[in-house]
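This briefing is meant to be read alongside the sequence and the structure. Please keep both in view while going through the points below.

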Amino acid sequence: RSISGSVTVQVIVNNVASNTLTANATPLAPALFTYAAGGTVYPAAVFPASGLIVGDPAVSGTAVSKAHATDVISLYATGMMQTPGGVIPGGVIDVPTSVTVTFTSTTNSSVTANAVESFAGLVAVGEFQINIVVPNLPSGNYYVVVNTGGTATQSGVVIPIA
């Protein structure tokens, strides 16, 4: 069932009810999971081949690596489609709408490229995985934005490319 507009939310645990709150329900509200390091916000993203986290090793150490053109990385997000509440899927559910991932230079907005998206789907309750191939861009820091169904994720999330 689809809902939108103003809704009342209340949580009940062990027969104890929380206060009621009013929230705005929308069909899509995509947002990347992120982490902050050294004053920069990075996506919660990994290189599936190595398990390294995408980021800047000069800031976060050897557990992270900058991306390179043609690297495959997995981004993680929420709110990319309506999902069954409280249900852990028995398998992966593909996102039914088109997904685009755009990289824009943090220093020169005319340097922009779309990544090749190879998979976007629900992999756990409220968690979506988006696998992409990093576009061929000059070294530098790039804002990354995921767009699904005409709605974009938050701005200000940076992927460093070497």
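Strands are DSSP runs of type E with at least two residues, and they are numbered from the N terminus. Val13 lies in strand β2, which spans residues 12-13. The model discussed here is predicted, and its protein chain holds one helix and 19 strands.

**Overall chain**

- Taken along the principal axes, the C-alpha atoms of the protein chain fill a box of roughly 55 × 30 × 30 Å.
- The protein chain has 162 residues, of which 31% are buried.
- Among the contacts in the protein chain with a separation of 6 or more, 57% are between residues 24 or more positions apart.
- The accessible surface of the protein chain amounts to about 8700 Å², and carbon and sulfur atoms account for 54% of that surface.

**Nonpolar surface patch**

- Val13, the residue placed in strand β2, also belongs to a nonpolar surface patch of about 350 Å², whose other members are Val9, Val11 and Leu21.

- Strand β6 (residues 34-37) and strand β7 (residues 40-43) run antiparallel and are joined by four bridges.
- Within this pairing, Thr34 stands opposite Pro43 in β7.
- Two residues lie between the strands of the hairpin, and Gly38 takes a positive phi near 60° there.

**Two serines: Ser74 and Ser118**

- Ser74 is located in strand β11, which covers residues 72-78, whereas Ser118 is located in strand β15, which covers residues 116-124.
- Ser74 counts as buried because its relative accessibility is 2%, and buried means under 20%.
- Ser118 counts as exposed because its relative accessibility is 53%, and exposed means over 50%.
- Ser118 and Asp94 are 24 residues apart along the chain, and their C-alpha atoms are separated by 11 Å.

**A point to keep in mind for the strands**

- Side chains in a regular strand alternate between the two faces of the sheet.

Key
Residues are numbered from 1 along each chain as its sequence is written. This is a predicted model: local features need pLDDT of at least 70, side-chain atom pairs count only at pLDDT 80 or more; totals for chains, interfaces and linings use all residues. Side-chain values use heavy atoms; hydrogens and water are left out. Buried means under 20% relative accessible area, exposed over 50%, partly exposed in between (1.4 Å probe, protein chains only). Contact means heavy atoms within 4.5 Å. Accessible areas come from the Shrake-Rupley method with a 1.4 Å probe; for residues, only the protein chains shown count as cover. Patches are made of residues with over 30% relative accessible area and no salt bridge: like charges are joined within 9 Å, nonpolar side chains (Val, Leu, Ile, Met, Phe, Trp, Tyr) within 5 Å. A salt bridge is a side-chain nitrogen of Lys or Arg within 4 Å of a carboxyl oxygen of Asp or Glu. Two strands pair if DSSP finds at least two bridges between them.
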